[in-house]
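Hi there,

Here is the structure I promised to pass on. Have a look at it first, and then read on for what turned up.

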Amino acid sequence: MSKKANNQSKGFYAVLTIALVSLAVVALGGVYYYKQADGLREELHNTYMRSFHDMADYLNDIDVELKKTMLARDAGQMSTLSAQLYMQAEAAKACLAQMPVENASFDNTSKFLSQVGDYSSYLSRKVIGNGEVTEEEYQTLASLSAYAEAVNEEFSKMESAVYDNTMRVESLKVWNPFVVHADGDSFQDGMTLIESMPQEYPSLIYDGPFSEHLQTTEPELLKGKQQISRFTAESVVKLFLGEERASKVAYESDGSGQIETYMFSGNSDNGSISVEVTKEGGMVLWMLDSREVKEERLSVEQAMSAGELFLSQRGYPNMKSSYYDVADNVATVNYAYFQDGTTMYPDLIKVKIALDNGEIVGFESLGYIMCHRDREIPQTIISEQEAREKAGTHLSVDTVSKAYIPLDSKREVFCYELKGTLGKNNFLIYINAETGREEKILMLLESDKGILTI
């Protein structure tokens, strides 16, 4: 080969090499920018998903608070519910504004959210000014509640579709909610249905009640109690767990939370066990056995009885079961102290009972330790009939009992607890037995997996 031809060949390979390198760089760049774009798409999707799920929560809250407002008669209660409705409606509107809806119109939904806040505020101002909710205004509330329930039901269906991965929220960008699509997409059909619902109202929202009260300055039950040693705490654990399970745990460390404790832990046959014992008084603060419960052989009623027997044997007499939840073959039951025919909701103990054999696999007594004491129950109180009248005529009352409940201010009040129905929902209304004031309204959530309140 001549020198000239050799040089041409080298030049050709050099150009080819440069070209291949350039193509590789372009390809790598394409992959990089594709990943960048894909990452941005996923981030945008996550943003839409957060807005969507937040809006679902707010719509559910609005549905619940409207139902509570229908039962409210006290000015303070009406004011509280009104403030909550207004904030939830505004938050739902903010979520709606963040959804990718350039080609969709949500005028009716936005209008409804605005009117919910405005109308509840109007009623609150009227009641605070010593006015009363008229039957016509009550019917308006009922209409708003019915519409909220329907919207919430349809939105829940869409949320299920999103959870099932049959719809990505971004697809809202490219459809008109007033056009029925041939693909029958459940998300689109749901929004179409919501927007086309007739608004038949005038122009113008994991445990029993009171479980998060607590946090008093000093634990009532530990006042004046002596500090125990670590070795005494070991004896407490042995009595609480029984010889066999206690042999599997050992001292681990000191706990320095709200209440100082000794901490014990160890491994069981198919899990771990942890226990904390208060340094003052030697009370078990909490216990958890993480063993897997593979089957459900006991009923909830049997589990409740097993929990009540356990508490009685461990020095917690007169504990009454109330609300519960079932998950992973374990029943979590709330027990409140019962004194002189009165339920003391502040004195709360939560117990987890395995539904395979009734063994206690969880225990938490913070509410009981913080609040328990013998109370002097007032004798000068309004009558049961007066309490029924204070609750209004719209609640169909089934049972009336007495209870102490904690308020947000941490003050306790002695109340009549009225359980009844409004439509298809069950509620609890608490009427102050000394003043007749309406203190609290809760809605019961009842299913085969538990009875909880919101």
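In which strand is Thr-261 found? Thr-261 belongs to strand 2. Before going further, please keep in mind that this is a predicted model.

Thr-261 is buried, because its relative accessible area is 0%, which is under the 20% cut-off. Its side chain makes a polar contact of 2.5 Å with the side chain of Glu-276. Leaving aside residues up to four places away in sequence, Thr-261 also touches others, including Ser-253, Asp-254, Gly-255, Val-277 and Leu-285.

Next, helix 6. This helix has twelve residues, 230-241, and at 1.5 Å a residue it should span 16 Å; the C-alpha atoms at its ends are 16 Å apart, so the two agree. Which of its residues are buried? They are Ala-233, Val-236, Val-237, Phe-240 and Leu-241. Just after helix 6 comes Gly-242, with a positive phi of about 95°.

Now for the nonpolar cores. The largest has 96 residues, and those with the most contacts inside it are Leu-241, Val-277, Leu-311 and Phe-363. Helix 1 (residues 3-71) gives the most to this core, with ten residues. Another core, of 13 residues, lies apart from it; Ile-405, Cys-415, Tyr-430 and Leu-444 are among its members. As for Phe-363, its contacts beyond four places in sequence include Phe-240, Trp-286, Met-287, Phe-310, Leu-311 and Tyr-316.

Last, a residue in strand 9 (residues 396-406): Lys-402. Is Lys-402 buried, exposed or partly exposed? Lys-402 is partly exposed, because its relative accessible area is 32%, and that class runs between 20% and 50%. The C-alpha atoms of Lys-402 and Thr-343 are separated by 6.4 Å, although the two residues are 59 residues apart along the chain. Beyond four places in sequence, Lys-402 touches Gly-341, Thr-342, Thr-343, Ile-381, Phe-414, Cys-415 and Tyr-416.

Methods
Residues numbered from 1 in each chain as written. Predicted model: local features only at pLDDT ≥ 70, side-chain atom pairs only at ≥ 80, totals over all residues. Heavy atoms only, no water. Helix = DSSP H or I, 4+ residues; strand = E, 2+ residues; numbered from the N terminus. Expected span 1.5 Å × (residues − 1). Buried < 20%, exposed > 50% of the residue type's maximum accessible area, 1.4 Å probe, protein only. Contact = heavy atoms within 4.5 Å. Polar contact = N/O pair within 3.5 Å; in protein donor to acceptor, adjacent residues only side chain to side chain. Core = buried A, V, L, I, M, F, W, Y, C linked by side-chain atoms within 4.5 Å.
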